[in-house]
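Please examine the sequence and the structure shown below.

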Amino acid sequence: KWFQGFDPARPVQLPGSLVAQRIGDPVGLDTPWTGTIVDRSWFTSPEFEADRQPGRVRVPFWLQPEAVYVGPAWYQREADIPQVAAGRRLELILERPHWFTTVWWNEQKIGSGDSLSTPHVFDLGDARPGRHRLTIRVDNRLLINVGSNAHSVSDHTQGNWNGIVGTLRLRATPRAWIEWVTVYPSAQRREATVEVRIGARPDLSGRQGQLELHVSGGPAISLYPKLANTGALVRATLVLSQAAPLWDDMTPFCHSLRVDWHAPDGGTESRELRFGFRDVEVRERQILVNGIPRFLRGTLDCCIFPKTGHPPTDPDEWRRIFRRIREYGFNHVRFHSWCPPAAAFEMADELGIYLHVECATWANSGARIGDGGPLDAWVEAEAERIVRWYGHHPSFLILCHGNEPAGK
């Protein structure tokens with residue numbers, strides 16, 4: 001019951017990871033590595049005797065972290081909710097936890113998250129002004145076996161770190177709020193079909209709000225959805241001029257969609273996203289984008305970030321990476337057994353890079369897929385989450401369950 005309060009062993013900076021702050025156990029002969037060690041001669045061979053001594057351990061398998069911690073870690077802090085937020089809905093967003101999260105608001109358990117690819121979002125209830133305690137438990141064990149060699153979790157590359165990186169945000173929303181926005185563009189028709197999911201508290205059922213949709217270089221429309229017990233799903237199509245530019249790797253033109261929501265309780269909320277007009281099809285053995293065959297000239301990204309031990313979440317770093325890839329004449333990146341954060345999709349949209357992402361699995365070496373086990377249900381859920389969060393990006397070309405599966 002550490003959510004009731006505890007004296008921390010030491011302060012931890014978030015966003016961040018434990019390994020970057022040298023929190024954990026020193027590397028030794030019994031370190032619980034995540035990943036297959038093919039050649040185990042280091043553990044017994046006389047030639048490595050000096051590298052096995054306590055305090056002087058040097059492993060040859062992969063980049064060696066300064067500390068290792070595999071298990072649950074508890075993070076806690078106080079939060080002051082201002083009077084202006086009274087009665088509004090509180091939402092907690094954790095962009096890139098690693099891996100399983102459980103959240104308490106004061107002593108109330110809010111819920112859990114298990115995505116390796118998308119943010120974990122929690123509804124903390126309606127705001128009460130004053131001081132509150134936020135507790136987050138993060139567990140980086142393979143509670144679902146995605147494969148110990150999957151680059152989403154393995155010490156082979158980024159490492160099996162514990163922590164939360166990227167955006168950490170506690171925000172107040174209306175009591176009827178935007179859950180998600182996505183867009184389905186048609187390059188041929190120059191149409192953008194927008195879907196908006198509105199969540200709502202049950203006492204707002206039957207009431208009406210106003211939704212305004214606007215596309216850059218195109219029309220703006222207003223809709224007045226009536227809320228059901230849990231909200232509403234709104235779908236509308238915006239038609240642009242046939243002269244509206246298309247998106248591909250040579251001319252990566254993006255349009256902006258803005259969604260403004262005026263809730264029946266008087267609150268307002270806005271979302272913005274970018275999309276591109278591009279149609280994808282497979283004809284015989286070729287991939288066509290906007291009717292033209294595309295040759296994917298690409299590279300492989302195995303989540304290797306030795307300076308941090310985890311992928312970056314800021315756009316500038318991904319802009320630097322993709323610019324270098326373009327300098328080599330490439331137009332494609334395969335993310336091997338992992339999915340990058342939002343900033344990667346945003347910069348790939350901007351620079352014209354086709355992305356192949358995977359549902360964070362390498363289902364062999366102890367893991368299997370298609371046998372009806374827990375991994376099957378998790379992959380289905382992870383795929384839905386990836387499409388929901390990143391599906392509007394024109395750079396998002398291919399989604400695969402993972403790498404080299406075993407099982408049915």
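Predicted model: local features only at pLDDT ≥ 70, side-chain atom pairs only at ≥ 80, totals over all residues.

Residues are numbered from 1 along each chain as its sequence is written, and side-chain values use heavy atoms, with hydrogens and water left out.

## Pockets and cavity

Grid points are joined across faces, edges and corners, and a volume is the space filled by probe spheres set on the points. In the lining classes, Ala, Val, Leu, Ile, Met, Phe, Trp, Tyr, Cys and Pro are nonpolar, Asp, Glu, Lys and Arg are charged, and the others, Gly among them, are polar.

| Space | Volume | Lining by class |
|---|---|---|
| Largest pocket | about 1300 Å³ | 13 nonpolar, 11 polar, 14 charged residues |
| Second largest pocket | about 790 Å³ | 21 nonpolar, 1 polar, 4 charged residues |
| Largest cavity | about 90 Å³ | 7 nonpolar, 3 polar, 1 charged residues |

The largest pocket is lined by 38 residues, and I93, P119, V121, R271 and W389 lie nearest its centre. Elements that give two or more residues to this lining include β3 (89–98), β9 (176–186), α2 and α3; helices (H or I, at least four residues) and strands (E, at least two) are DSSP runs, numbered from the N terminus. Strand β15 provides the largest share of the lining of the largest pocket, 6 residues.

Around the second largest pocket there are 26 lining residues, with V12, L14, W74, Y75 and Q76 nearest its centre. Strands β2 (72–81), β3, β7 (130–139) and β8 each supply at least two residues of that lining, and β2 gives the most, with 7 residues.

The count of cavities of 30 Å³ or more comes to 1. Among the residues that line the largest cavity are R96, H98, W161, C303, W338 and C339.

## Strand β4

Strand β4 (residues 100–105) has 6 of its 6 residues buried, where buried means under 20% relative accessible area, exposed over 50%, and partly exposed in between (1.4 Å probe, protein chains only). In a regular strand the side chains alternate between the two faces of the sheet. Both faces of β4 are covered, with F100, T102 and W104 on one side and T101, V103 and W105 on the other.

Strands pair if DSSP finds at least two bridges between them. On that basis, β4 and β7 pair in the antiparallel sense over 6 bridges, with T102 opposite R137 in β7. Strand β4 also runs antiparallel to β5, to which 5 bridges join it; here W104 stands opposite K109. The hairpin of β4 and β5 has 2 residues between the strands, and N106 takes a positive phi near 60 degrees.

Helix α2 (residues 342–351) is mostly covered, with 7 of its 10 residues buried. The buried residues are A343, A344, F345, M347, A348, D349 and L351. Their cover includes β15 (268–275), α1 (315–327), β21 (354–358), α3 (374–390) and β22 (396–400). Just after α2, G352 takes a positive phi of about 80 degrees.

A nonpolar core is a set of buried Ala, Val, Leu, Ile, Met, Phe, Trp, Tyr and Cys residues joined through side-chain atoms within 4.5 Å. The largest such core has 39 residues, and V146, W318, F322, L355 and W378 have the most contacts inside it. At least two residues of this core come from each of α1, β20 (332–335), α2, β21 and α3. Apart from it lies another core, of 28 residues, among them I178, I198, A200 and L257.

Contact means heavy atoms within 4.5 Å. Leaving aside residues up to four places away in sequence, V146 touches W99, L116, A360, W362, L375 and W378, among others.

## Loop residue S154

S154 lies in the loop between β7 and β8. This residue is buried, with a relative accessible area of 0%. Not counting residues up to four places away in sequence, S154 touches T34, G35, S148, N149, G159 and N160.

Terms used: 1 Å grid on protein atoms, 1.4 Å probe; cavity = no way out; pocket = protein on both sides within 12 Å on 5 of 7 lines; lining within 4 Å.
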